[in-house]
Amino acid sequence: LDAHFAPLLGVDGDINGVITVLHDITDIRRLEKMRSEFVANVSHELKTPVTSVKGFAETLLDGAMYDEKLCRSFLQIIYDESDRLHRLIADILHLSKIEQHQLPLHPEIINIVDVINETVETLQEEVSKKDIDIKLPDTKELYMEAEKDRIRQIILNLVANAITYTPEHGMIEINVEEKASDVKLIVKDTGIGIAEKDLPRIFERFYRVDKARSRNSGGTGLGLAIVKHLVESHRGVIEVESQEGKGTQFTITLPKKQS
Ligand code: ADP
């Protein structure tokens, strides 16, 4: 609690009483704490690729550049780390924009099945590489009011995760269900699953069950935080069920109409 006191003066200037104003600042404190944790996390996440880029550039300048093979492999690392940095910055900016409500929703009538098919198409290379069997919705069309780019981003992040955390020859199933006033989008995989203790935390920014695995697959730890925001910007909800070693299912419920 934050307390302010002010004397209550009478006509003669005597103090007749005291006005006390009490503010509950626990929310403000909590926000401040979250913000400073976020800044610390961001700094840490940015530092890792920058340190690596700097180190490898230094080694190249110190003479490694004259060895063609070494030069090529170090440049590849520098390229990959810069790419990671780029994605990280894009994700951080994206998240902070949504969080500041700077981005009003621009809903239009979309066929969510088309958006699913188009998005999965862009991930085809990774799917083939791991020989993953992707099952798309049986339905050809399901119309709803939503912002196409945001729906695309939601699907992209969920399916990309499903691919990352599913071993070779696994299966991913994407489905849509039409309810009276909602649309359900389901992304299910036969991957490594998530332990019960980690489940409540996976939507937090930078939370990763296995940091090394996430990093190796190009993860930023922000994907699900962004998904949650995008879902909530449509007044939707996201739920997750998972069993370690068996697989994970994300279910998103979105209202059919935004107005
Ligand atoms: P990342 O960039 O690390 O994938 P996300 O925010 O997208 O970050 O996900 C947070 C964490 O949740 C991941 O690091 C991973 O541990 C876990 N996770 C997300 N999706 C899945 C999935 N389909 N199967 C298993 N674990 C998952």
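User: Hi! What should I know before I start?
Analyst: The model is predicted, so local features need pLDDT of at least 70 and side-chain atom pairs count only at pLDDT 80 or more, while totals for chains, interfaces and linings use all residues. Residues are numbered from 1 along each chain as its sequence is written, and side-chain values use heavy atoms, with hydrogens and water left out.

User: Which residues touch the most other members of the largest nonpolar core?
Analyst: Ile151, Ile154, Ile174, Ile202 and Ile252 do, out of 50 residues. A nonpolar core is a set of buried Ala, Val, Leu, Ile, Met, Phe, Trp, Tyr and Cys residues joined through side-chain atoms within 4.5 Å. Buried means under 20% relative accessible area, exposed over 50%, and partly exposed in between (1.4 Å probe, protein chains only).

User: And which helix gives the most to this core?
Analyst: Helix H5 (residues 148-164), with seven residues. Helices here are DSSP runs (H or I, at least four residues), numbered from the N terminus.

User: New topic: which residues of helix H3 are buried?
Analyst: In H3 (residues 112-122), they are Ile112, Val113, Val115, Ile116, Thr119 and Val120. Down the axis of H3 they fall within an arc of 160 degrees, so they line one face of the helix. That arc is taken from the directions from the helix axis to the C-beta atoms.

User: What about the other side of H3?
Analyst: Glu121 and Thr122 are exposed there.

Note on methods. Helix = DSSP H or I, 4+ residues; strand = E, 2+ residues; numbered from the N terminus.
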